[in-house]
Amino acid sequence: RAQVSVSKDVAATLVSKALTWASLNGLVIGDRSIEGSVNPGVGIVHAPVALLPSPFPEALFQQALNLGSHFNTLVDRVSSDSDFLEQTLAKTRTADPFTDKLLDIHSKIRAEGIVQNIQLGMHRSDYMRDMVTGKLLQVEINTISSSFAGLGSLVSQLHRYSLLDVIKRVEHLDPGKVPENNAAVAFGDVLGLAWKEFGNTSAAVLVVVQPNERNMYDQFWLEKYLHELHGANVIRRTLSELYSQAHLSSNGTLSVDGHPVAVIYYRSGYAPTDYPSEREWHARLLLERSSAIKCPSISYHLAGTKKVQQELAKPNVLERFVQDKNAAKIIRECFAGLWGLDSEECHDIINKAIQQPELFVLKPQREGGGNNIYGSAVKAKLEELLRDGGAGLSAYILMQRIFPPTYTSYLLRGGEWSAEQAVSELGIFSAYLRNGEREITNKDCGYLLRTKASKVDEGGVATGFAVLDSVYLL
Ligand code: GSH
């Protein structure tokens, strides 16, 4: 039962209030992408949001939060096993030049010796409710550029405010059912803790950004809390700027335009388009070689790939990294069906997916959304890859299609709103900080709900398919 449902007339009264609230409280994005640096405060539009929160069972919400620290540990352990990463991705790299480039950096760093033993993880693990099994299933884990901790935290506040307005007319609703969301503060804080751990207060936090970013306010929220809680200075540069401005001293210290750097936080570098030339790859390698703390390090980045996710789901693989039986069980419970396409045994699953493509999603090794293949296109793509001899199959994995519940949601984008039959995906932010053997932070850090029309297959707010939302606990 969708207990947050209100009539269209009631929803209409919320639109201008939500838009005003968004402007007053920084729930905003850039209104267009402009090549080069755009001054903050120029060209602002409200972030895409749902007008009201979406129902979510409290027990599953709690389950997802609890998984945060377990996935932190898993990513950290997997990333420390260089052989596992290289072997798992060996076939993928032959079919996917992007993974190949990342692995090149990984092996260079491995050969030279890692100069920084502090690991910083700022992840977001994404889940959907599956109505077929009734379970919470993991879609993926993002170990690089996990977005919307900043703006996502604000949506819970907006929704409590909107519900206060609505309960004057719809009495059964309770703003207290929208849980507090401290993702922005927690992410700002862990960046600061890492910066402190580095031990040079005159060094800065470097945020690596895209040249045509529209989601900068989400990033600025983290920078704000980082500065307020810890006093660290922030510099922002694109990979291309870093190519000419970054310098590595003989002891590994990274400096950018003369500023020493303590922490590198990537909000770019996760997609092939972030590397239009060899210069950007050169910059990534230089940063990776430095003694700065990287979020993520190259091995954390690789540990978050779809291929690794699929490998971990095989019998007894996850269990190699998580010896605690209970923890392994808790993690495994949220794994969806995952299949690699790079071995002899995969004929059956390929045939099944060709016959019933609606039960699968075909995923390349890509981050950032907009790349997955659904429905009849799964069949077409698999047949094309087979026709071409099958070598290209290694670039993909197959995942069980998840069928989440749908409900009416009011989506507000660019000042326009519409009622849609919608589905949601829950993301749990988590932070991890380790210095050598000493674990400093390992915790879940709030959430992100994203909602989209159920008729569109793809998700993602940055890609324009979904809106930011919050949960109404049932
Ligand atoms: N460059 C943008 C940013 O820094 O916010 C987008 C980064 C991005 O696409 N991040 C992915 C994500 O979290 C993970 S690699 N996407 C969530 C969404 O767009 O809904």
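Predicted model: local features only at pLDDT ≥ 70, side-chain atom pairs only at ≥ 80, totals over all residues.
Me: How many bridges join strand 14 to strand 15, and how many join strand 14 to strand 16?

Reply: As a general idea, strands of a sheet pair through backbone hydrogen bonds, either parallel or antiparallel. Here two bridges join strand 14 to strand 15, running antiparallel. Strand 14 (residues 360-364) also runs antiparallel to strand 16 (residues 396-400), with five bridges between them. On that side, V361 faces M399.

Me: What is the order of the strands in that open sheet, and which are its edge strands?

Reply: Read across, the four strands go 13-16-14-15, with antiparallel pairing. Strand 13 (338-340) and strand 15 (373-374) are the edges, each pairing on one side only.

Me: How many bridges join strand 18 to strand 19?

Reply: Strand 18 (residues 416-435) and strand 19 (residues 438-453) run antiparallel with 13 bridges. Y432 sits opposite N442 there. Two residues lie between the strands of this hairpin, and G436 takes a positive phi near 60°. Strand 19 also has three bridges to strand 20 (residues 467-469), again antiparallel, with L449 and D469 as bridge partners.

Me: What domains does the assignment give, and how many residues are in contact between them?

Reply: Domain bounds come from an automatic or database domain assignment, and in this case it gives domain 1 (8-336 + 409-473) and domain 2 (337-401). Their centres, taken over C-alpha atoms, are 26 Å apart. Contact means C-beta atoms, placed from the backbone, within 7 Å; 25 residues of domain 1 meet 22 of domain 2 that way. On the domain 1 side, helix 4 (90-95), helix 5 (97-112) and helix 12 (306-313) are the elements giving two or more residues. Helix 12 gives the most, with five.

Me: Which residues are closest to the ligand?

Reply: A residue is near a molecule if its C-beta atom, placed from the backbone, lies within 6 Å of it. Of the 24 residues around the ligand, the closest are S147, R267, E367, V461 and A462. Both domain 1 and domain 2 supply at least three residues to this shell.

Me: Why does a radius of gyration of 22 Å agree with a compact globule?

Reply: The radius is taken over C-alpha atoms, and the globule rule is 2.2 Å times the number of residues to the power 0.38. With 474 residues, that rule puts a compact globule near 23 Å, so the 22 Å of this protein agrees. Along the principal axes, the C-alpha trace spans about 65 × 55 × 45 Å.

Methods
Residues numbered from 1 in each chain as written. Pairing = 2+ DSSP bridges. Contact = placed C-beta atoms within 7 Å.
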